[in-house]
Amino acid sequence: MTVRRRQLPGVPAWLAASLNYCSRCGEQLSFGPLDSETRDRLVCDSCGFIHYINPRLVVSTLPVTDKGELILIRRGIEPGYGSWAQPGGFLEIDETAQEGAVRETFEETGLIVEPTDIVGVYSRPQAAVVVVTWEAKIVGGEASPTPESLEVRAWAPDRIPWPHIAFQTSAWAVHDWLRMRHPEVAATPAGKPQQWPEESA
């Protein structure tokens, strides 16, 4: 039985399209109830392996300068090419969440950071991600564009480029940071994010 997107409720179309065959034996998967599970699952009818569909973990930072400005990158890769976001990316299997956030920040900004307070944890089932964001102290390096960023820039709290923020999770994180550190700005129009499409990360 070929798996179709309508049989995988809540799973983004791009992800559902890759869930047709068993990664263990190569046979087709089916979707439906199982005696051992409390919800419908993808299962291989040939070898019995259950394919759980889990979100990917994105680790990110909001680096803050000595002047209290927020470092954002203008993305040099898709998704969100040309728009602004906090540095971050997918956690690797051999690192802690904080280590991944430090690595991703360096790869995208050239800055060495030390994660401090957690700003928030953001779930976007539409994009199959969970994003963890830390505020971070800059402890070394030099801000410069990288293969993953077109620009690295410090923004004053009341100058966040809301219409050009790449992702809804970025908007949530920046707004939560403003509420933590600059509540007077967060309460004004300059401190409020825009609306994003449902499929936006």
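This is a predicted model: local features need pLDDT of at least 70, side-chain atom pairs count only at pLDDT 80 or more; totals for chains, interfaces and linings use all residues.
Modeller: Residues are numbered from 1 along each chain as its sequence is written, and side-chain values use heavy atoms, with hydrogens and water left out.

Biologist: What makes Glu-37 and Arg-41 a salt bridge?

Modeller: Their side chains meet at 3.0 Å, N to O, and the cut-off is within 4 Å, so the pair counts.

Biologist: And why is Glu-37 called buried?

Modeller: Its relative accessible area is 18%, and buried means under 20%, with exposed over 50% and partly exposed in between (1.4 Å probe, protein chains only), so the label follows.

Biologist: What makes Glu-151 and Arg-74 a linked pair?

Modeller: A salt bridge again, at 3.3 Å from N to O. This pair ties distant parts of the chain together: Glu-151 is in strand E10 (residues 149-155) and Arg-74 in strand E5 (residues 70-75), 77 residues apart. Strands (E, at least two residues) and helices (H or I, at least four) are DSSP runs, numbered from the N terminus. Glu-151 has 27% relative accessibility, so it is partly exposed, and Arg-74 gets that label at 26%.

Biologist: Which residue forms a salt bridge with Arg-103?

Modeller: Glu-95, with the closest N and O atoms 2.7 Å apart. Glu-95 is buried because its relative accessible area is 15%. Salt bridges with shared partners join Glu-95, Arg-103, Glu-104 and Glu-107 into one network.

Biologist: Where does Asp-176 sit, and why is Asp-176 called buried?

Modeller: Asp-176 is in helix H3 (residues 168-181). Its relative accessibility is 16%, so it counts as buried.

Biologist: What makes the polar contact of Asp-176 with Tyr-122 count?

Modeller: The two side chains come to 2.8 Å. A polar contact is a pair of N or O atoms within 3.5 Å; within protein, one must be able to donate a hydrogen and the other to accept it, and residues adjacent in sequence count only if both atoms are side-chain atoms. So 2.8 Å falls inside the limit.

Biologist: How do you know that Trp-84 is buried?

Modeller: Trp-84 comes out at 6% relative accessibility, so buried is the label. Trp-84 lies in strand E6 (residues 84-85). Leaving aside neighbours within four places in sequence, Trp-84 is in contact (heavy atoms within 4.5 Å) with residues including Leu-72, Arg-74, Glu-151 and Trp-155.
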